[in-house]
Structure formats: C-alpha cells, structure tokens
Amino acid sequence: MTTLTKTAPPLTRRPRHPYRAALATGRGRTGLALVGLVVLAGLLAPLLSGHGPTDQSALTLAGPGTPGHPLGTDDLGRDLLSRLLHGIRADLGIIAIAVPLGAVLGCLSALAAAAHPLADTVVQRAFDLILAFPGLILALAITAILGPGRLPVITVIALAEIPVFGRLLRTGILVQRGREYVTAARVGGTSGGRILTRHILPNAADPLVVQITVSLTVAVFIEGAMSFLGVGVRPPDPTLGAVLSQSMPYLAQAPHFAVGPLVTVTALVLSLSLTAEALNREIRR
C-alpha cells in the first residue's frame, strides 16, 4: 500500500517593485548616489563651507588651494566653495517646490479634463496657451510682473510643467479607459470614481514618476538660465546660474571661477538623468 504525500509547491520570490528594481541597477545606483551627494552637500552647506556666501575678503580671484579658500575666491573676494554649496541649496529648494507644484496642478487639470468633455476642451486650450509662449519670453513676462527673485523662478518652472504632467496623465487615463479590466469593472457595477482611483490612476501613474525626474533636470536648466540672464534670484544670494554668470568676464584670467558651477550643474543633471533612464527602462519592461 502506497502513501500519497502532498509536496508543497516551491517558494517563489515575490517580484520586486519596479521602482526598487530600477534603483538597484547600475544606472539607478549611480544616479541615486550622485543625487544623494549633491543633496547632502546642499543641506550641509553651512557646515562644509566655513564662510558665509556673502562674506568678502581682500583676496579677489584667488586660485584654488588658497589657504582658507579651497576653490579660490570670486571677483569680490567671496569664497567660491561657500557660494557653490549655498547655490546648490538654493537651486534644490527652488526645484523641490516648483516641480511638485507643477505636477500637482497638471494632474488636477487632467482629472478635471477627464470629468467632462467641455472641461477637457477648456483645459487643452489652456495648455496650448502656456506652450505657445517660448520659455524665455514667459520668464521675462513673469519677472516683469513679479520682479526678480525666487517666486518668479518657481512660477515659471511650475507653469512650464503643468501642461507636461497634465497631458501625460490625460493620455494615460484615456488609454486605461479602453482596457478590458475597466470594462469589466463597469459591468460589475463599480462606480466611476472608484474605477478612476483604484484602477485607472495606479496604472497611469508610472510615467508620471519618470517625468518627475526628467522635470527636475529641466528645472535645473530653467533656474540656471534665468539666474544667468539676471532675471532669477537677486544678488548677492548665490545660485549656480548666478555664480556661472559672474564668472563669464573672467574666463581668461580666472578659469577656475567657472569650473565649479559647471561641474556642479553637470553632476546634478547627470545624476537626475541616470535615475530617470533607470526608472524608464524598468517601467517599460
């Protein structure tokens, strides 16, 4: 007589969340590490610099390695390391407010557009109106109204991102509405609001996560361009674009003046780009 024994099925590892899997790749780790270093440098700026960003000394355009000034000084004798670290802090503060603000307003606009065809038409025309303005013209117009400072920079970045996130989410909602699982939920008597919040939005959200990292990169360029042109944060407050702008007349005499902000902007953009690429590749699998 034989005894039948049931064998338990082999345990299978639960698949990792796509975001965690993306950040575990080589690109994801490199991008995340660079982002962490830049953010940490900005947060610890008062501790790492040793000087105030506006403190002046008698050493003007001193080269790297000068005692007390590892990266040298600018044309007014201010410590370049301090100005770069505080510039990182200022840039991160601006984009950390502007991009989420633009994303939230864009997503709310997309949800309003999904509610009614008339609302969809109004929202799409509003997006067209924003996109009709070149970035520089929009920046100059807002600065003329609000004056230079952090507020107009945040406003320009947020306005530029509203149609990006709005159209991305609207497209995702339209695509998901035609899927079989949405039809099955409707047939099963699920309300429209529940279908939107429990089924459509979670499946349409992945591209938004990737877009946030891309928009952070774009925001760095927008802030840098506005400060470089003198319509951003007011001097003497440092930003990366402002420090780079101040270095332009001294490129031949003191090239180190421009190296710091260029390397910092490159590291910040590269880290965000690597993170965005890693997320995009994993999500598209």
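Figure 1. Gln176 touches Tyr181, Val182, Ile200, Asn203 and Ala204, leaving aside residues up to four places away in sequence. Contact here means heavy atoms within 4.5 Å. Gln176 lies in helix α7. Helices (H or I, at least four residues) and strands (E, at least two) are DSSP runs, numbered from the N terminus. Gln176 counts as buried because its relative accessibility is 8%. Buried means under 20% relative accessible area, exposed over 50%, and partly exposed in between, with a 1.4 Å probe and protein chains only. The model is predicted, and residues are numbered from 1 along each chain as its sequence is written. Local features need pLDDT of at least 70, side-chain atom pairs count only at pLDDT 80 or more, totals for chains, interfaces and linings use all residues, and side-chain values use heavy atoms, with hydrogens and water left out.

**Figure 2. Thr190 in the loop between α8 and α9.** Thr190 lies between α8 (180-187) and α9 (192-204). Its relative accessibility is 26%, so Thr190 counts as partly exposed. Thr190 touches Ala185 and Ile195, not counting residues up to four places away in sequence.

Figure 3. Helix α5 spans residues 117-132 and has 16 residues. From first C-alpha to last, α5 reaches 22 Å, close to the 22 Å expected at 1.5 Å a residue. The expected span is 1.5 Å times one less than the number of residues in the helix. The buried residues of α5 are Asp120, Val123, Gln124 and Phe127. Seen down the axis of α5, these residues fall within an arc of 100°, so they line one face of the helix. The arc is that of the directions from the helix axis to the C-beta atoms. An α-helix has 3.6 residues a turn, so residues three or four places apart point the same way. What covers the buried residues of α5 includes α4 and α7. The face turned away from the buried side of α5 carries the exposed residues Leu118, Val122, Leu129 and Ala132.

Figure 4. A salt bridge is a side-chain nitrogen of Lys or Arg within 4 Å of a carboxyl oxygen of Asp or Glu. By this rule the count comes to seven salt bridges. The side chains of Arg170 and Asp120 meet in one of them, at 2.8 Å, N to O. Arg170 lies in helix α7 and Asp120 in helix α5, so this pair ties together parts that are 50 residues apart in sequence. Arg170 counts as partly exposed, at 23% relative accessibility. Asp120 counts as buried, at 17%. The side chains of Asp128 and Arg125 also meet in a salt bridge, at 2.8 Å, N to O. Asp128 and Arg125 both lie in helix α5, three residues apart, about one turn of the helix. At 29% relative accessibility, Asp128 counts as partly exposed.

**Figure 5. A network around Asp74.** Salt bridges that share partners join Asp74, Arg78 and Arg83 into one network. Asp74 and Arg83 pair at 3.8 Å, N to O. Both Asp74 and Arg83 are buried.

**Figure 6. Helix α6, inside and out.** Helix α6 (residues 135-146) has 12 residues. It reaches 16 Å from its first C-alpha to its last, close to the 16 Å expected at 1.5 Å a residue. The buried residues of α6 are Leu138, Ala139, Ile142 and Thr143. They cover an arc of only 125° around the axis, which puts them on the same side of α6. What covers them includes α7 (150-177) and α10 (206-229). The face of α6 turned away from its buried side carries the exposed residues Ala144 and Ile145. Gly147 follows α6, and the phi of Gly147 is positive, near 85°.

**Figure 7. Backbone geometry in two loops.** Most residues other than glycine have a negative phi, and most peptide bonds are trans. Leu61 has a positive phi of about 55° although it is not a glycine. Leu61 lies in the loop between α3 (45-49) and α4 (80-115). Leu61 counts as buried, at 18% relative accessibility. The peptide bond from Pro235 to Pro236 is cis, with omega near 10°. Pro236 is found in the loop between α10 and α11.
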